[in-house]
Amino acid sequence: MLSAEQIVEIYNSRKLRLGPVYEQMRRVRDLANGEVVVPLNELDRSAKANVANLLVQGLDQMSMRISSTMPTPYFPAVKDGSERSKSYSRMRRKAMLSFWDHNKMQMKMRRRARHMLAYSQSAVFVKPDFRTLMPKWVIRNPLDTFPAPVEDQDEMLPEDCIFTYKVNANWLLRNYGELVGGQLRMGEVNSDSRYTMLEYVSADSLQLVVLGAEDNPELSLAERAGLESMLLESIPNRTGMPLAVVANRITLDKPKGQFDGVIGMYYTRARLQALTEIAIERGIFPEEYLVARTGENPEIIQLADGKSGILGVVRGGDIRSQELNPGYKTYEALDRLERQERLEGAIPAEFGGESATNIRTGRRGENVLSATVDFRVQEAQAVFEASLLEEDKIAIAIERAYWGDFPKTFFIQSRSSSGVESYVPNKIWETDFHYVAYSAAGSDVNSLIIGLGQRLGTGMMSKESAREADPLISDPEFEHDKIISEGVEAALLSSIQQQALDPNGPYQPEDLAYLTRLMMEQDVTLYEAVERTNRRAQERQAMAMPMGAPETMPGLATPGMGAEAPVSGPGGQPSLEQLLAQIGG
């Protein structure tokens, strides 16, 4: 385990090395948050940007398309032909889907997609949650993530990683007051005091370090006294694996977000638009000058006010207005800048609910949009497949290291008969080998459903494969069972309807009324209602009644169709003594 000084030294070194990259990330963040001020130096003023923010439009649309479908984990059986191995593989898949559902993975993927496109990085910290006894996914801001450098740019598991975040003085004193009191340099403590926390994550340990207040000469000696940093917690990592996964966007040699190139164009367009508005405003309220006539001394008797209708009066001179024209090329330049932004950031007009003027048919529009979007979505989803695979392996290691022999129960998302599964981690996690794959990488949820229907119609795909690929079906096996049961139920209902239409059929009016009452009043299922009705008819048909009894009459039913009870002999049924006498001779 490292000391607090060593962790701070590593943090400062990585902060200095990644400084230019993170500065670019901050510029993208400010533009996405609308915190951009357009400087107008020539006019000695500044203005808020009042043009369409194409970066936000492209970021939201692309990230929503990437996260509109979720990948699926596939756990193959360890031993082919072994029912127990197959059962464990199905249990592993359900357990992993339960982890994802509990962590609201679909919502987290939407945020991670935005991080990937805007910052070119998606960082996640998988740690044990002792409250729920499950692995917990924590999404980290790439601006606060400092991973160890790696040789392979596609490597997502750094040897160690430092996450930073800010806490206020009340939180620090409430949780670690006994440690930091009188030891850490606290500075001027008030409600606005913030302290930086360093969370060091490695394969050996999890350590938490707090940085003291900055050494400010304006502070008193007591406020400046204390340590610059302190180690608050140090916990061994039982898994032996780094718990941080940092996925990077595929670039040439350094991190680069998809919209980094549009920042300069946006500033130029916003500045040109602001200057145009200033010129239009001056054209509405022009600057006026008093010009003297030859040999006269001009004098203003009354100032003019056009808004109030007051006429100006001058003596010995003329009032001349200076007209300003924004320029006939201004709007052409604005349109050209907007087009350049769309080309650079891959932001088609369809993202804003419009269509380009050169699009004539719906098919051509789909082709243009597909060429702009699909391959970028496919590449981002491929990166997330690899990232989720490593995250799942960490979650499995956490399960085995912390709750290996502890029986666990989880609720699966599919609405089966029980909805609850129980397992022992060390038994089902025989191996962490598995796959994580999108059903159709590069397709959003709309095009995916259409493609599945087309493949089913042409016979190129089985229904089972389509159910596994459909993002709306969480449990394909359960859906298969429901389809079969619904088909059998429909066949049973159709059989009852056909037999009830036949007067000579088995369903006579009284039996059909009894079946209907069971379903409508007692809320009995169809198959149970049929079973009860059949048992009731069998009991009636097996009970012989005397001649003339109401039970022997067919009533509304057709005679001889089983609605009436059989008639006993003329003398009635023999007594027990008579039967015994016949047996004994």
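Before I look at partners, my rule for pairing: two strands pair if DSSP finds at least two bridges between them. Strands (E, at least two residues) and helices (H or I, at least four) are DSSP runs, numbered from the N terminus.

The model is predicted, so I take local features only at pLDDT of at least 70 and side-chain atom pairs only at pLDDT 80 or more, while totals for chains, interfaces and linings use all residues. Residues count from 1 along each chain as its sequence is written, and side-chain values use heavy atoms, with hydrogens and water left out.

**Strand β8**

I started with β7 (residues 160-168), which runs antiparallel to β8 and is joined to it by nine bridges. There I found phenylalanine 163 opposite glutamate 199 of β8.

Next I checked β9 (residues 205-211), which pairs with β8 in the antiparallel sense over five bridges. Valine 201 faces leucine 206 of β9. Two residues sit between β8 and β9, and the two strands form a hairpin.

**Helices α15 and α16**

I then looked up α15 (residues 509-521) and α16 (residues 526-542): their axes come within 9 Å and cross at roughly 140°. Axes are lines fitted to C-alpha atoms over the stretch in contact, with angles from 0 to 180 degrees between N-to-C directions. The contact (heavy atoms within 4.5 Å) includes Tyr514 and Leu518 of α15 and Val530 and Arg536 of α16.
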